[in-house]
Amino acid sequence: MSDTETLKAELLADVEAADTLQALEDIRVAALGKKGAITAQMKNLGGLDPEARKAAGQALNALKGEVAQAIDAKKTAMADAELNAKLLTEKIDVTLPTRPEAQGFVHPISQTIDEVVAILGEMGFAVAEGPEIEDDWYNFGALNIPDDHPARQEHDTFYLPGVGEKGRKVLRTHTSPVQIRTMLSSKPPLRIIAPGRTYRCDYDATHSPMFHQIEGLVVDKTTHMGHLKGCLIDFCRAFFGVDDLPVRFRPSYFPFTEPSAEVDIGCTREGGEFKIGHGDDWLEILGSGMVNPKVLQNCNIDPSEYQGFAFGIGIERLAMLKYGIPDLRTFYESDLRWLRHYGFRALDVPSMVGGLNP
Ligand code: 2NL
């Protein structure tokens with residue numbers, strides 16, 4: 001056997017016999033390191049004649065490769081053996097809770113819309129949607145809001161450049177145009193709610209230029225004021241989670257309803273303390289009325305055959321009252337600490353099953 005072959009046999013036997021990563025590393029250094037056996041033989045090549053040097057050089061290079069490969073293979077085998085041993089002894093406890101992960105929060109506006117939709121959905125209302133950029137007629141004209149009504153003034157409504165088929169373009173100031181569009185596109189009986197963003201040119205402690213509303217509309221042949229009252233009393237009691245919540249209907253005026261009523265709930269304001277649910281004071285929470293026959297007519301519904309009731313609810317106000325949020329402006333500041341405090345876990349899905357206020 002040549003020197004190279006002897007060295008190869010020795011090194012491969014050493015690798016085979018090694019039983020720790022450190023032993024393998026020692027072999028690598030002893031063979032391929034600066035002062036290693038193969039390196040030493042490489043250095044001797046200079047003394048050989050060219051023919052012999054070429055053959056010996058090739059053999060040494062091949063040996064280097066084989067030894068390095070044998071060490072790698074052994075390393076992999078050792079890692080596999082270690083893993084197999086671990087798998088045999090370790091068990092995974094699938095009953096352990098998962099590790100906590102950063103989770104987002106549902107914004108109180110979204111939560112409140114979901115709760116209102118859950119209550120009214122249970123009563124049989126279907127959700128309807130429509131564009132936030134509207135034509136003047138869907139937002140004002142169809143609703144019997146006269147041309148000189150203060151709401152139409154430039155300083156109350158965001159007008160956009162351009163004119164649609166039905167008048168100037170506006171950012172809708174309420175979600176009523178969704179109901180107008182639904183009345184025009186489908187036949188009564190109707191029972192719909194329209195939640196969404198609305199816009200008015202107004203900004204102070206209690207007004208934001210963008211805010212949220214839910215409006216409701218029922219149209220049928222026998223719909224009357226008693227339905228309006230029953231529906232809204234049930235809604236207020238379910239939303240605030242107070243079974244005997246006092247609810248009061250106070251005469252009011254809207255161009256799109258006749259008669260109109262504002263709805264108040266019982267509360268107390270004593271010694272700086274404010275509480276919903278009982279007491280001798282009242283708090284306004286929504287507006288309502290029987291749909292003005294002119295509005296039905298504008299939507300091609302015959303008012304001698306059909307009647308309807310409608311209502312409008314401001315979401316921000318409901319959320320502030322129910323969840324004790326003192327400042328309207330904080331809703332839109334995107335402050336994550338605020339959201340962590342006032343927000344809801346994604347799995348707190350509002351539903352009437354088991355009540356909204358567990
Ligand atoms: C309020 C008042 C209200 C309506 C909205 C309505 C919609 C159609 C026809 C008739 Cl399509 N009425 N909506 C009716 C009464 C009151 O909102 O104070 N909202 C915060």
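User: In this predicted model, which residue forms a salt bridge with Glu305?

Analyst: The model is predicted. The partner of Glu305 sits in the loop between β6 and α8, while Glu305 lies in the loop between α9 (293-298) and β11 (307-314), 84 residues apart. The closest N and O atoms of the pair are 3.5 Å apart. The residue that bridges to Glu305 is Lys221.

User: Is Asp135, which forms a salt bridge with Lys169, buried or exposed?

Analyst: The closest N and O atoms of Asp135 and Lys169 are 2.9 Å apart. Asp135 belongs to strand β2 (residues 133-135) and Lys169 to strand β4 (residues 167-171). Buried means under 20% relative accessible area. Asp135 has a relative accessible area of 7%, so Asp135 is buried.

User: Which element gives the most to the lining of the second largest pocket?

Analyst: About 190 Å³ of space lies in this pocket. At least two lining residues come from each of β5 (190-199), β6 (210-220) and α8 (225-240). The lining divides into eight nonpolar, two polar and two charged residues. With three residues, the element that gives the most is β6.

Terms used:
Residues are numbered from 1 along each chain as its sequence is written. This is a predicted model: local features need pLDDT of at least 70, side-chain atom pairs count only at pLDDT 80 or more; totals for chains, interfaces and linings use all residues. Side-chain values use heavy atoms; hydrogens and water are left out. On a 1 Å grid over the protein atoms alone, a cavity is a set of points where a 1.4 Å probe fits but cannot get out, and a pocket is an open set with protein on both sides within 12 Å along at least five of seven lines; lining residues have an atom within 4 Å of a point. Grid points are joined across faces, edges and corners, and a volume is the space filled by probe spheres set on the points. Helices (H or I, at least four residues) and strands (E, at least two) are DSSP runs, numbered from the N terminus. Ala, Val, Leu, Ile, Met, Phe, Trp, Tyr, Cys and Pro count as nonpolar, Asp, Glu, Lys and Arg as charged, and the others, Gly among them, as polar. A salt bridge is a side-chain nitrogen of Lys or Arg within 4 Å of a carboxyl oxygen of Asp or Glu. Buried means under 20% relative accessible area, exposed over 50%, partly exposed in between (1.4 Å probe, protein chains only).
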